[in-house]
Amino acid sequence: MSDKRSGMAKHDFSGRVALVTGAAGGIGRATAIELARAGAKVAVADIDLEPAKRTVELIEDAGGTALAIHVDVANSASVAAMVAKTVDTWGRLDFAHNNAGVMGGARPVVEMPDEVWLRGIAVMLTGVFYCMKHEIPVMIRGGGGAIVNTSSGAGLIGVPNQADYVAAKHGVIGLTKSAALENITKNVRINSICPGTARSRMVDGWLQGSQEAEQQVANLHPIGRIAEPEEIARAVCWLLSDDASFVVGATIAADGGYTVP
């Protein structure tokens, strides 16, 4: 992992190939950059291709190797094509950060439109299922790998007016645990990470530039601030690395104390 100030990488991922979904910005972009800085070749996947290409530019400008791929994680065929493109380009897949997400419906259960509920579950839960379904066989054929699925602090607690988001993120944790137990004997380690609020395009759109709103959100975290995406990316890279070789099916909260009882 890198020191944000020095740009030096802690891990050596040379010769490894990584895939990051939701990599057009925020945590996904930060993770893709961190992986590339450590020497990995990185498939930068997102439904928004142009900002994904910008992530690739940032990686290439720093001397790394990356490829932008359009993907709709709610579509199994699209996910299969994403994984196939990665393997066709670089011959293998060692790491995956399944991170794509959408904003919650921001309504009570009884007022939430069916399509909002279904879209949230499709992207944030079924999307993780599709990703692992297509990533794991490739990793097994290559001798093993590591996966980190993005849950959320909201995957550990209840949040009013966010039932679709909370349900999906709780589901990611259970899905991760089952997949981890199924695949650890095949040398594929799978864990989940639960970020608190981190700066991203999605969060910026939610806060709408309001300093008051940002302070209110920051105050929910005992650390007293919103996370920088690089802070979450460093935790993801640790989970992917051999430093976490005995970590299997874990749920790691990187939330500034948000879910501490």
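Predicted model: local features only at pLDDT ≥ 70, side-chain atom pairs only at ≥ 80, totals over all residues.
**Entry 1: the α1/α8 pair**

I started with two helices, and I noted that the crossing of α1 and α8 is right-handed.

Helix α1 covers residues 26-37 and helix α8 covers residues 229-240; they pack at an angle of about 55°, and their axes are 8 Å apart. I checked what to call that angle: angles of 65 to 115 degrees would be roughly perpendicular and those under 35 degrees roughly parallel, so α1 and α8 come out as oblique to each other.

Then I listed who touches whom. From α1, I wrote down Gly-26, Ile-27, Ala-30, Thr-31, Glu-34 and Leu-35. On the α8 side, the contact is made by Pro-229, Glu-230, Ile-232, Ala-233, Arg-234, Val-236, Cys-237 and Leu-240. I sorted the residues of this contact by type and got nine nonpolar, two polar and three charged.

I went looking for buried nonpolar side chains. In soluble globular proteins, such side chains tend to be buried together. Here the largest nonpolar core has 34 residues, and Met-82, Ile-147 and Ile-190 have the most contacts inside it. Helix α4 gives the most, with ten residues.

I zoomed in on Met-82. Ignoring neighbours within four places in sequence, I found Met-82 in contact with Leu-19, Thr-21, Ala-45, Ile-69, Val-71 and Cys-131. Apart from this core lies another one, of 31 residues; Phe-13, Ala-36, Val-148 and Ile-193 are among them.

I placed Asn-161 in the loop between β5 (145-150) and α5. Is Asn-161 buried, exposed or partly exposed? Its relative accessibility is 38%, so I put Asn-161 down as partly exposed.

I found Asn-187 in the loop between α5 and β6. With 46% relative accessibility, Asn-187 counts as partly exposed; the exposed label would need over 50%.

Key: Residues numbered from 1 in each chain as written. Heavy atoms only, no water. Core = buried A, V, L, I, M, F, W, Y, C linked by side-chain atoms within 4.5 Å. Buried < 20%, exposed > 50% of the residue type's maximum accessible area, 1.4 Å probe, protein only. Helix = DSSP H or I, 4+ residues; strand = E, 2+ residues; numbered from the N terminus. Contact = heavy atoms within 4.5 Å. Axes fitted to C-alpha atoms, helices over the stretch in contact; angles between N-to-C directions. Parallel < 35°, antiparallel > 145°, perpendicular 65-115°, else oblique. Left-handed = near helix turned anticlockwise from the far one by under 90°. Nonpolar A, V, L, I, M, F, W, Y, C, P; charged D, E, K, R; others polar.
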